[in-house]
Amino acid sequence: MMENKKFVVLCTVSLTFLLSIATVSAFVEELDDTFKDTRMPDEIWLIQFYAPWCTYCKQLDPVWYEIGAELKSMGSPVNVGKVDATAHTNFAKEFRVGGYPAIKLLKDDLKYNYRGPRTKDGIMGFADRVSGPVVRALPSQQLFQNVMSRHDVLFVYVGGPSDLKEKYISVAKELIVHTYFFSAARNILPKAVTLKEYPAVAVFKDGTYFLYEEQHDGDLASWINSERFLNYLQIDSYTLYEMGDTSKLVALAIVDERNPTEESIRYKTMVERVATEYKDLYSKEFQFGHMDGNEYINGLIMEELAMPSIIVLNVSNDGYFLPPNKVETKEQLVKFIDGVSKGRIKSQGGNGYYQCFIRIAFNTKTTVTNIFTNAPLLGAFLVVVFGGGGSAICYGLCMAWRSMRNTEAMSDTEDEEPITGERVEPKQLKGPGEDKKTETKAKNPAEKKAD
């Protein structure tokens with residue numbers, strides 16, 4: 001009798017599970033080449049392009065069905081679909097699909113490409129941003145404060161119709177895939193905000209605000225692109241890929257989060273303190289943060305980087321800067337950053353032909369070593385079939401090709417873990433000049449010596 005009850009319970013649980021899958025999958029439509037002819041002009045579609053053999057696509061499926069169900073339950077105007085890009089090649093070509101899974105949002109006649117982490121929150125945030133108004137109005141102080149508490153970085157246009165507003169809207173259409181854009185009247189802003197000019201564009205982040213000044217900051221799109229990250233944050237390969245457009249150097253503490261030590265915590269704290277205390281001095285040129293693990297860095301510098309360590313990356317050309325001596329104190333870190341800024345410390349690496357060749361050789365060596373370490377039978381088979389040199393070159397070239405593909409379309413070919421961490425409520429707002437007191441108090445030690 002007991003066994004029969006267990007069997008009934010098991011059947012009930014299995015049936016419930018299958019029904020729940022069927023329910024959520026009902027909100028995701030399988031699309032084909034007829035989509036272009038049947039889609040209504042005002043429909044908004046979030047589409048996943050997949051290949052049946054793609055492992056990452058299969059891993060994304062449960063998340064995709066959850067997204068479809070949740071958007072439907074919220075009353076979102078976004079329709080969710082998926083299409084087999086290997087069967088409907090014309091469909092995939094029209095959307096310029098270069099890897100799997102590819103995630104695109106179609107609104108009006110515009111196609112938006114998602115390049116963030118494959119998480120429910122990340123994808124839904126992207127869908128919410130792009131499907132809504134390009135610039136969202138903040139009509140009250142209460143709504144302004146509510147929005148500011150939910151966003152780490154907040155761009156706001158302040159004023160009425162103007163040429164600056166037209167530029168702001170134009171930039172928002174281009175960069176809405178990355179961040180939200182808002183507008184507000186002057187009396188809606190916090191009392192601590194002082195506008196030098198009106199109308200104005202402001203960014204609120206790191207407990208303070210910065211105003212766009214065309215003569216000083218140049219092109220509005222470039223300024224927004226460079227200011228859309230917090231001054232200090234946890235950085236992964238997705239974030240680095242996006243930082244390539246900011247023209248900033250990236251100062252990183254490389255730590256092992258899976259095996260935290262007092263030294264790794266000290267390195268993270270040291271970088272964060274420099275980012276905060278020297279914000280006015282370095283924030284225009286440097287982005288600060290920490291990265292979990294050294295795998296990405298090892299492939300870049302072509303050797304094993306000890307953890308914890310300090311490194312500065314030039315993401316735009318695969319260059320990097322290493323401290324000439326071990327960095328132990330905040331003053332030594334500031335001296336290193338200052339040396340990079342003023343050209344006293346030379347860049348290494350790069351993306352020239354010689355560096356690409358060396359990187360292929362390094363990837364070959366790493367790949368072959370990993371094969372023999374983790375799968376000795378496979379390694380022996382490759383030696384017998386292709387010969388040691390042939391298999392090494394073959395695998396090395398494959399790894400190099402994958403590396404270049406990742407550079408071109410990071411989110412289409414990699415499966416990264418999302419950035420995790422609690423959102424910190426914004427502290428009391430400071431004016432842009434208030435941190436200069438800190439800068440004066442903690443003057444650059446490298447300059448003190450020179451004095």
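**Confidence, a buried helix residue and a covered strand**

Where pLDDT is low, the predicted coordinates should not be read in detail. The chain averages a pLDDT of 80, and 75% of the residues score at least 70.

This is a predicted model, in which local features need pLDDT of at least 70 and side-chain atom pairs count only at pLDDT 80 or more, while totals for chains, interfaces and linings use all residues. Residues are numbered from 1 along each chain as its sequence is written, and side-chain values use heavy atoms, without hydrogens and water.

Helix α9 (residues 220-227) contains N225; helices (H or I, at least four residues) and strands (E, at least two) are DSSP runs, numbered from the N terminus. Beyond its neighbours within four places in sequence, N225 is in contact with L175, D245 and T246. The C-alpha atoms of N225 and L175 lie 7.8 Å apart, although 50 residues separate the two in sequence.

In strand β14 (residues 309-314), 6 of 6 residues are buried. S309, I311 and L313 point one way, and I310, V312 and N314 the other. β14 pairs (at least two DSSP bridges) with strand β12 (residues 249-255) in the antiparallel sense over 5 bridges. Strand β15 (residues 319-321) is joined to β14, also antiparallel, by 3 bridges. L313 is the bridge partner of V250 and of Y320 in β15.

Methods: pLDDT is the predictor's confidence in each residue, from 0 to 100. Contact means heavy atoms within 4.5 Å. Buried means under 20% relative accessible area, exposed over 50%, partly exposed in between (1.4 Å probe, protein chains only).
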